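Reader: I would like to learn how the features of a protein model are read, with the cut-offs behind each term. Could we take them one after another?

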Amino acid sequence: MSAYHSCAFVALSTTLLFLLCTSSFSLASAKGGFSVDLIHRDSPKSPFYNPSLTPSQRLANALRRSINRLNHFSPAASSLSQDGPNQVEATLIMNRGEYLMEASIGTPPFPIKAIADTGSDLIWTQCKPCPGCYQQTDPLFDPERSSTYKTLPCSSNQCVSLNGTCSSSNCQYSASYGDGSHSRGEFARETLTLGSTTGRNIAFPKTLIGCGHDNNGTFDEKSSGIVGLGGGNESLITQLGASIDGKFSHCLVSIQSQAKTTSKLNFGTNAVVSGSQVVSTPIVQGLYPETFYFLTVEAISVGDTKLAFPPSTFANGEGNIIIDSGTTLTFFPSDFYANLEAEVDKAIGRERMDVPDVPLSLCYKSSESEAEFKAPTLTVHLKGADVKLDAAHTFVRASEEAVCFAFAPTKSISIYGNLSQMDFLVGYDKKKQTVSFKPTDCTK
């Protein structure tokens with residue numbers, strides 16, 4: 001955090017840490033584009049970094065968090081127009097298999113730490129007074145000290161559209177997550193400031209946030225909230241709307257990279273994914289909840305062997321997978337996964353081994369001194385787009401002596417996780433309702 005001495009992190013459920021910084025510029029300055037940093041949980045720059053853990057221990061923890069993350073997508077988990085598009089680029093830090101994003105709220109700007117989460121919508125932080133808050137290391141946001149904080153009235157049309165409830169004439173929210181965690185408090189309009197890697201920060205006034213007075217569950221004391229990047233009405237992406245032209249993208253640095261660079265989250269014109277290697281697939285509309293980005297997988301190829309992927313039971317068989325930056329592994333239906341694992345194992349033809357404390361079933365002996373672990377190319381045949389994954393995307397080093405297949409079976413919804421997205425520029429266009437992929441060295 002040395003680059004931002006006046007910044008703090010806000011934790012967003014499962015995905016990204018959002019850093020909010022204190023200096024602020026007018027919204028007009030966003031027209032030239034700006035960047036903010038996103039930090040991986042296991043990066044030394046992260047407040048969650050534990051230097052006593054070995055790389056294999058960090059991976060094992062991330063895999064367990066990834067499996068727990070599936071609860072977030074269970075049915076129980078569903079509970080600004082500006083002149084001209086602006087450019088925004090943020091830096092992501094991974095937290096619990098998720099990323100942290102840098103920002104600040106209020107006037108004067110108050111630094112917070114939040115997880116940036118493509119699997120949720122609401123932007124919220126812990127607020128004073130907080131009789132039901134979990135313990136956090138950083139100070140709580142005090143709305144009485146901000147000159148731009150305005151509660152949302154119960155009588156407003158927006159309170160009704162947000163399914164808010166009433167208490168003392170203020171519009172109240174209640175957010176529940178699949179792991180049993182919750183946040184409750186009041187809706188408010190407040191200035192959100194995103195920090196720029198160029199030294200400039202962009203202020204977005206009257207952003208809808210949740211001021212949480214009752215928050216509990218699996219939240220970490222080093223974080224103070226969540227920044228939702230999902231598709232719902234209250235998410236950061238939807239609220240920025242025309243100011244980013246409905247576009248955002250990310251480039252996630254491989255967890256096995258030795259580079260000191262951070263991942264990037266881009267907005268507006270900076271988020272355009274273009275070039276000859278770009279492939280695009282439609283976001284499936286009309287599925288609930290609208291928070292999640294549903295895509296359609298038609299098949300997976302292991303080398304030249306193509307395996308048909310099971311269709312969904314709705315939307316004419318489309319929308320059978322959710323793309324999520326907050327989940328480490330990629331999860332496929334149990335029966336399909338068994339067939340996929342068998343094909344991969346047959347193609348590799350090496351002796352399998354078990355790795356203690358690693359919840360993955362397909363592992364092989366491969367020492368760190370081995371030049372390169374050879375594995376077949378996996379092609380994910382999305383509707384209208386073929387995404388090719390090499391061994392760096394499909395296998396992870398589980399110990400000094402073993403590598404494991406970075407996919408797992410599930411009896412619930414399929415998830416396209418972040419290991420399969422690393423070293424791709426992945427762009428979301430809410431106007432065109434597409435997700436695009438371009439192979440990219442994200443360290444550059």
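Author: Let us begin with sheets: two strands pair if DSSP finds at least two bridges between them, and the strands themselves (E, at least two residues), like the helices (H or I, at least four), are DSSP runs numbered from the N terminus. This is a predicted model, in which local features need pLDDT of at least 70 and side-chain atom pairs count only at pLDDT 80 or more, whereas totals for chains, interfaces and linings use all residues. Residues are numbered from 1 along each chain as its sequence is written, and side-chain values use heavy atoms, with hydrogens and water left out.

Reader: Which strand order does the open sheet of three strands have?

Author: Strands of a sheet pair through backbone hydrogen bonds, either parallel or antiparallel. Here the order is β24-β28-β27, and the pairing is antiparallel. β24 (363–365) and β27 (395–399) stand at the edges with a single partner strand each, so one side of each is left without a neighbour in the sheet. From one strand to the next the twist averages 30°, where axes are lines fitted to C-alpha atoms and angles run from 0 to 180 degrees between N-to-C directions. Between β24 and β28 (residues 402–405) there are three bridges in the antiparallel sense, and Y364 has V403 in β28 as its bridge partner.

Reader: How many disulfides does the count come to, and which cysteine does C363 join?

Author: A disulfide is a covalent bond between the sulfur atoms of two cysteines; the rule applied is a pair of cysteine sulfur atoms within 2.5 Å, and the count comes to six. C363 forms a disulfide with C404, with the sulfur atoms 2.0 Å apart. The torsion about this S-S bond of C363 and C404 is about 105°, so the disulfide is right-handed. The pair links distant parts of the chain, with C363 in strand β24 and C404 in strand β28, 41 residues apart. Buried means under 20% relative accessible area, exposed over 50%, and partly exposed in between (1.4 Å probe, protein chains only); C363 is buried at 1%, and C404 is buried at 0%.

Reader: Where do C251 and C442 lie in the chain?

Author: C251 and C442 are joined by a disulfide with an S to S distance of 2.0 Å, and the link is left-handed, with -85° about the S-S bond. C251 lies in strand β16 (residues 247–251) and C442 in the segment after β32 (434–439), 191 residues apart. C251 counts as buried at 8% relative accessibility, and C442 is buried at 6%.
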